[in-house]
Amino acid sequence: MTLKNNDYILENKLGIKDIFILNEHERKIATFNEIIIRRKNYKKFNFNTLKSMHKELFKEIYQWAGMVRKVNISKGKCFFCPVENIYSFADTIFQKLEKENYLKGISQDEFCKKAADLFGDINALHPFREGNGRTQRLFLYHLAKNAGYELDLNKLDKNKYMTASIESMLVSNDKMENLMKSIIKPLIKE
Ligand SMILES: Nc1ncnc2c1ncn2[C@@H]1O[C@H](COP(=O)(O)OP(=O)(O)OP(=O)(O)O)[C@@H](O)[C@H]1O
Ligand SMILES: [Mg+2]
């Protein structure tokens, strides 16, 4: 499908009505915000943490930054969590993560296995109307940092990352696990 300039434009604080101009500004602002957020340290990783990261990334652009979507969405063949199940699915995901002590104290390989499963779950949750990818990559970056690892999913080849994202919905998390294993490193403290 070819996008026209005024197709699928999300209401935004910048008053932009052209999708290409909005995408350009949105990417630039969120990238700038991400640099600042990466310097922070997080100790807790729950649904509020994910929402606060989304808010910090997109607060200048969208009124609904940090808020859960109110419409059902899909990409390709994948339908993400129905709106009415978002909070209950989020409870399941983040209670499990808390029980697993936010994946601290485990080997690098074990971390990748569990982090890939978590990625698959958060991607399936897709709690925001837009900006889920950047928010889940940032969440994983901080989760790894807190566990003593450097894991930057932005460094992955975009096609391989997308295939692994799709397979995490339709097949398994194995591809994402292997991608994570290919880039993860022990964190060197500054
Ligand atoms: N067909 C698909 N099936 C499953 N997951 C998908 C599919 N297409 C994209 N994704 C996942 O959804 C994310 C995109 O979500 P969204 O557009 O809400 O956020 P974004 O911040 O704009 O993402 P990105 O920066 O990756 O483009 C991707 O990063 C990928 O992980
Ligand atoms: Mg997007």
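Helix H2's buried residues are Phe47, Thr49, Leu50, Lys51, Met53, His54, Leu57 and Phe58, where buried means under 20% relative accessible area, exposed over 50% and partly exposed in between, with a 1.4 Å probe and protein chains only. This is a predicted model, where local features need pLDDT of at least 70, side-chain atom pairs count only at pLDDT 80 or more, and totals for chains, interfaces and linings use all residues. Residues are numbered from 1 along each chain as its sequence is written, chains are lettered from A and ligands numbered from 1 in the order in which they are written, and side-chain values use heavy atoms, leaving out hydrogens and water.

- Helices here are DSSP runs (H or I, at least four residues), numbered from the N terminus.
- The cover over H2's buried residues includes helices H1 (19-38), H3 (86-99), H4 (108-125) and H5 (132-146).
- Setting aside neighbours within four places in sequence, Lys51 is in contact (heavy atoms within 4.5 Å) with Gly66, Val68, Tyr87 and Phe128.
- Lys51 and Ala65 are 14 residues apart in sequence, with their C-alphas 8.1 Å apart in space.

**Glu177 in helix H7**

- Glu177 belongs to helix H7 (residues 174-183), and at 11% relative accessible area this residue is buried too.
- Beyond its neighbours within four places in sequence, Glu177 is in contact with Cys112, Lys113 and Ala116.

**Cysteines**

- The disulfide count is zero, taking a disulfide as a pair of cysteine sulfur atoms within 2.5 Å.
- For Cys78, the closest cysteine sulfur is that of Cys81, and at 14 Å that's too far for a bond.
- Both are tucked away: Cys78 is buried at 6% relative accessible area, and Cys81 is buried at 7%.

**A nonpolar surface patch**

- Met162, Ile166, Leu170 and Val171 make up a nonpolar patch on the surface, with about 390 Å² of accessible area together (Shrake-Rupley method, 1.4 Å probe, with only the protein chains shown counting as cover for residues).
- Patch members have over 30% relative accessible area and no salt bridge; like charges are joined within 9 Å, and nonpolar side chains (Val, Leu, Ile, Met, Phe, Trp, Tyr) within 5 Å.
- A salt bridge puts a side-chain nitrogen of Lys or Arg within 4 Å of a carboxyl oxygen of Asp or Glu.
- Ile166 lies in helix H6 (residues 158-170) and is partly exposed, with 41% relative accessibility.

Note on methods. Helices (H or I, at least four residues) and strands (E, at least two) are DSSP runs, numbered from the N terminus.
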